[in-house]
Amino acid sequence: MRRCSCDYRYLLLVAAVPFIYIQMRLFATQSEYADRLNDAIEAENQCTRQTRLLIDQISSQQGRLLSLEEEKKRQDLECSQLRALVQDLQRKGVEKLVGDVQAPVAAVVVMACNRADYLDRTIKSILTYQSPVASKYPLFISQDGPDPKVKSTALSYDQLSYMQHLDYEPVHTERPGEMIAYYKIARHYKWALDQLFYKHKFSRVIILEGVYELMFLILSSLFVLFTLSISQHADDMEIAPDFFDFFEAGAALMDRDKSIMAISSWNDNGQKQFVHDPCKLVPYKDSSKLLKNCLRTISSVLEIVSLSTCIHEDIFSQGSSMGQFFKQYLEPIKLNDVQVDWKSMDLSYLEEDKYVEHFADLVKKATPIQETNAVLKASNIKGDVRILYQDQQNFEQIASQFGIFEEWKDGVPRAAYKGVVVFRYQTPKRVFLVGPDSLRQLGIR
């Protein structure tokens, strides 16, 4: 019995040895496969990272391709527009518009964007007075953007030449909250002026543009701007009958007096109740955000302003200024309907040295009154009156009593000359709103 028990133990020992060996082999195999699995997982992770990097690179390349495709489309569009412009110029011939006999006084360019109906009426109104003097005032249309109706309207007239400005660059304003539209308009102006001054070699340009008070005649040597007059009612747009004579006489005045930077028929206070004499002109200094964006070298503009030929345009209720002041100030403005022979008039009194003395004499002779109940006091005085304002708030309070333009631009009231705003009240009486430093500037003690 004891011998049998030893045999069993021996057998168990013999069986345990291969079992232990097998277990050790299994453990070694599992460890080997675990290491291989870890290597495989690491390789897979690396492959995933490389795949993602490759995907990112492909996406970036696709973005660049899309950008290049868009750029190509823009360039193709610009090329097609330029080809159309060249064909149009070849067909019409700018040389024929300018003429070989008489040098032009100025080119006339209508700045358009996306209002074909307004553009059509404007062209018809201009041609009414421009046709007899076409050799002096060749007409251009400059379109900002690709609107097909505007382009078709412009090209339907053989009496003018067509230009197109395409601008896809983003606008970066100087200060938050500024209107992008002013920057867009300025870019269009810059481009159009380059075309007319440098490409077509005009010395002066009249610009007609249907956005809040942006109508100018520009003299290239000084980069100055002249405002023109336009009126728009429900169904028509008009320029004053003396429009071209007015600017021709003004151009001659500017040639004599280099201190005058602009000639303008715009009058901020040109409402019917504030105008009297269609032949009366006065200087004023003004500053415009558009001018600063368009011509950085200009900080103020000395303009000769007609008290009756002025702007009256319903388009302002929808334009870049979003209808600001339209109903109260712009709608009642009177368009001049008198044919004034400006070229026969002596405008030398508007030259700087002469006018300062003349204007100072008018202000000095005006009866000073206090700002309280200014309208009533002015009504009870027969002659001209002057009222002193201390600052912007004070000016706005006085201006609101009379109902004139209250706006203040870049530290001065609109339409001010040496800080003085003048308008007619109970015509022909003049009211002078005099700034705190105006009397000193005019040499009045």
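Q: Where is Ala415 placed, and what makes Ala415 count as buried or exposed?
A: In this predicted model, Ala415 sits in the loop between strand E14 (412-413) and strand E15 (421-424). Its relative accessibility is 13%, and buried means under 20%. Ala415 therefore counts as buried.

Q: What is stated about the phi of Ala415?
A: Ala415 has a positive phi of about 70° although it is not a glycine.

Q: Which loop holds Lys201, and how do you know whether Lys201 is buried or exposed?
A: Lys201 is found in the loop between helix H5 (180-199) and strand E4 (204-209). The relative accessible area of Lys201 is 64%, and the term exposed requires a value over 50%. Lys201 is therefore exposed. Lys201 also has a positive phi, about 65°, although it is not a glycine.

Q: Why is Gln195 called buried?
A: Gln195 has a relative accessible area of 16%, and the cut-off for buried is under 20%; Gln195 is therefore buried. This residue belongs to helix H5. Leaving aside neighbours within four places in sequence, Gln195 is in contact with Met163 and His200.

Q: What makes Lys136 count as buried?
A: The relative accessibility of Lys136 is 14%, whereas buried means under 20%, so Lys136 counts as buried. Lys136 lies in the loop between H3 and strand E2 (139-144). The C-alpha atoms of Lys136 and Pro104 are separated by 4.0 Å, and these residues are 32 residues apart along the chain.

Q: Why are H3 and H4 called roughly parallel?
A: Two packed helices are described by the angle between their axes and the distance between the axes. For helix H3 (residues 116-130) and helix H4 (residues 148-155), the axes come within 9 Å and cross at roughly 20°. Angles under 35 degrees count as roughly parallel, and H3 and H4 are therefore roughly parallel to each other. Their crossing is right-handed.

Q: Which residues make the contact of H3 with H4, and how many fall into each class?
A: H3 contributes Ala116, Leu119 and Asp120, while H4 contributes Lys149, Val150, Thr153 and Ala154. By class, the contact has four nonpolar, one polar and two charged residues.

Q: What makes a set of residues a nonpolar core, and which members of the largest one touch the most other members?
A: The members must be buried residues of the nonpolar types concerned, joined through side-chain atoms within 4.5 Å. The largest nonpolar core has 48 residues, of which Leu119, Ile141, Phe359 and Phe432 touch the most other members. Helix H6 (residues 243-256) supplies the largest share of this core, seven residues. A second, separate core has 18 residues, including Ala399, Ile404, Tyr425 and Leu433. In soluble globular proteins, nonpolar side chains tend to be buried together.

Q: Which residues does Phe359 touch?
A: Not counting residues up to four places away in sequence, Phe359 touches Tyr417, Val420, Val422, Phe432 and Leu442.

Q: How many helices and strands does the chain have, and what share of its residues is buried?
A: The chain has 12 helices and 16 strands. Of its 445 residues, 47% are buried. Among contacts with a separation of 6 or more, 67% are between residues 24 or more positions apart.

Terms used
Residues are numbered from 1 along each chain as its sequence is written. This is a predicted model: local features need pLDDT of at least 70, side-chain atom pairs count only at pLDDT 80 or more; totals for chains, interfaces and linings use all residues. Side-chain values use heavy atoms; hydrogens and water are left out. Buried means under 20% relative accessible area, exposed over 50%, partly exposed in between (1.4 Å probe, protein chains only). Helices (H or I, at least four residues) and strands (E, at least two) are DSSP runs, numbered from the N terminus. Contact means heavy atoms within 4.5 Å. Axes are lines fitted to C-alpha atoms, for helices over the stretch in contact, and angles run from 0 to 180 degrees between N-to-C directions. Angles under 35 degrees count as roughly parallel, over 145 as roughly antiparallel, 65 to 115 as roughly perpendicular and the rest as oblique. A crossing is left-handed if the near helix is turned anticlockwise from the far one by less than a right angle, and right-handed if clockwise. Ala, Val, Leu, Ile, Met, Phe, Trp, Tyr, Cys and Pro count as nonpolar, Asp, Glu, Lys and Arg as charged, and the others, Gly among them, as polar.
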